[in-house]
Amino acid sequence: MAAPTLGTLELTILLAVARLGEDAYGLAVRRDLASRTGRDYSVGAVYTTLERLESKGFVRSRRGQPLPERGGRSRRLFRVTAAGRAAIRRAERIALQVWAGVGTTLNPEGT
Amino acid sequence: MSEGVPRRAERLLETLGADTEFRDAVIGDLAEEYEIRVRWDGAKVARRWYYGEAVRVTPWLLRDWLRGLRWKHIGHFANAALWASLVMFVVDFPVRAVLSLFVPQVMSGALPLFIIAPLMLLWTVMDGALAGYVAARIGRRAPIQSAALVALIWASLMIGSGWSSVPRWFLAVNVTLMLAGTITGGLLRTLRVVRGD
């Protein structure tokens, strides 16, 4: 069976979860994305994408401790699974192949 | 309920009926960021930010609610819509009967429409608000959606029934006011729970 595919936002969020390690939850992911892409994603969009990644088996979630600053609610913490790491490596390999040779076309004088 | 967070907005988000895990994650993140923004930007700016974000996350919460919708939930909605419609009809019928006594005079031009129209429009809002309130009370798992369902049913009935004999602008205004009244009734019921906390 073919591995599930990754959309652009899915890959971006999966990479953020991988970077954040054990501390990956919606707010941390949003901040990471905002600092790297300059875009302010809605918290709803982030969690919907995280749930989709979880249904594809690329991340796994667990509930943290209830926190007073969250009105007694827990953080939903995400971590990348082995399938998620494999998907990241696959996406990187494809991106490198797709981008190969583009630099010389865009900047011919530099070559 | 988070300390300091705009409680009414938070309450409205909670009642949109999304899956508990998804909803708590979203509302918890908003509460956490709100606390940070209060320290950085002050309560006024943070509050404005919260309202903006509440609007932004609403479609996502509704989407999650729709995905989790099952037949048993639809039965729950139908029950809320049925009872609210019944209340609306029972209360509405005698008032409309009295108002309809004036229709021949209005149609013949003996009584100007602008005299009777405001009364009918005011009644439409009040009746809609009552139906929305009842629907939200019975359909408490998703009160706003229950009120919206009643509004849609009644809007369809108004457009499809004998109301077509009245001027189109009057029908349009009536339907709009009924929709607004019903949703307002639903909101009033939902926010009443906050005041009662």
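With 18 C-beta neighbours inside 10 Å, Val38(B) counts as partly exposed, because a residue needs 20 or more to be called buried and 12 or fewer to be called exposed. The model looked at here is a predicted one. Val38(B) is part of helix α2 of chain B, which covers residues 20-41. Leaving aside residues up to four places away in sequence, Val38(B) touches Gly4(B), Ala43(B) and Ala46(B). Ser85(B) is another story: 47 residues separate Val38(B) from Ser85(B) in sequence, and their C-alpha atoms sit 44 Å apart in space.

Zooming out to the chain as a whole, chain B has eight helices and zero strands, so its pattern along the sequence simply reads α-α-α-α-α-α-α-α. Its C-alpha atoms fill a box of roughly 65 × 40 × 30 Å, taken along the principal axes. Chain B has 197 residues, and 35% of them count as buried. As for contacts in chain B with a separation of 6 or more, 76% of them come from residues 24 or more positions apart.

Then there is the place where the two chains meet. The contact takes 15 residues from chain A and 21 residues from chain B. On the side of chain A that touches chain B, α2 (26-37), α3 (43-55) and β2 (73-80) of chain A each supply at least two residues. The biggest giver on that side is α3(A), with six residues.

Notes:
Residues numbered from 1 in each chain as written. Chains lettered and ligands numbered in written order. Predicted model: local features only at pLDDT ≥ 70, side-chain atom pairs only at ≥ 80, totals over all residues. Contact = placed C-beta atoms within 7 Å. Helix = DSSP H or I, 4+ residues; strand = E, 2+ residues; numbered from the N terminus.
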